[in-house]
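I opened my notebook today to look up salt bridges. My plan was to find some pairs and then check how exposed their residues are.

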Amino acid sequence: MTQHYFSAAPDGDFRPREIEVELAGATRTVLTAGGVFSPEQLDRGTAILLRELPAAEALGRAGAAPVLDVGCGWGPIALDAALESPERVVWAIDVNERSRELTRRNATRLGLTNVHVAAPDEVPADLRFGEIRSNPPIRVGKEALHDILRTWLPRLDEGGFAHLVVAKHLGADSLQRWIAEEFTELEVERAARDKGFHIIRIER
């Protein structure tokens, strides 16, 4: 069976290697490995998302509440959030055990103590989030992607925000319409567009 970055246990040896990336306004050395999303570099969509995210202080009460990174990969979104706001709790989740291990190691390397790395079913059921940030796994398929969003978007706290980056050619417009139709209690808009990627902003 072909292994993907959204496989729980990727095939092949686990051989971490270092790369340099820009996170929270500075160059950081982090670990990546084969079998995870974008192991060679910071994915372009993720870089655009990080650049377009509003500062925590601009989000009011939501800016102090926990952050959730859905599909953390080797950790760039969660690490950036934790570096920007060391006092905030950041949850990084992924079904891929290799992704979780790399995110843990990268948090340790960067001296971060506010990052909680977990499998999706390990997140406490009563936990709510001020922010959800994600470069969601579009290639997992529409049905599985919708299930992921149905699981996590309802966990947004009152006044909370979600920001998703999706490539236009991979269905950004149709996904935005589906979210608006599926979650009528949420406000949904395209917050930015850059180099073929859309930032979908969702507010409770």
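My entries on the salt bridges follow.

**Entry: getting started.** I noted that this is a predicted model. Side chains of opposite charge can pair when their charged atoms come close. I searched the whole structure and got 14 salt bridges.

**Entry: a pair in a helix.** I looked up Glu101 and found its side chain in a salt bridge with Arg104, at 3.8 Å from N to O. Both residues sit in helix H3 (residues 97-109), three residues apart, which is about one turn of the helix.

**Entry: a pair across two strands.** Next I picked Arg201, which forms a salt bridge with Glu189; their closest N and O atoms are 3.5 Å apart. Arg201 is in strand S9 (residues 197-203) and Glu189 is in strand S8 (residues 187-194), so this pair ties together parts twelve residues apart in sequence. I wrote down 21% relative accessibility for Arg201, which makes it partly exposed. Glu189 is partly exposed too, at 42%.

**Entry: a network.** Which residues are linked with Arg51 in a network of salt bridges? I found Asp194 and Lys195 there. The side chains of Lys195 and Asp194 meet at 3.6 Å, N to O. Is Asp194 buried or exposed? Its relative accessibility is 18%, and buried means under 20%, so I noted Asp194 as buried. Lys195 has 58%, and exposed means over 50%, so Lys195 went down as exposed.

How values were computed:
Residues are numbered from 1 along each chain as its sequence is written. This is a predicted model: local features need pLDDT of at least 70, side-chain atom pairs count only at pLDDT 80 or more; totals for chains, interfaces and linings use all residues. Side-chain values use heavy atoms; hydrogens and water are left out. A salt bridge is a side-chain nitrogen of Lys or Arg within 4 Å of a carboxyl oxygen of Asp or Glu. Helices (H or I, at least four residues) and strands (E, at least two) are DSSP runs, numbered from the N terminus. Buried means under 20% relative accessible area, exposed over 50%, partly exposed in between (1.4 Å probe, protein chains only).
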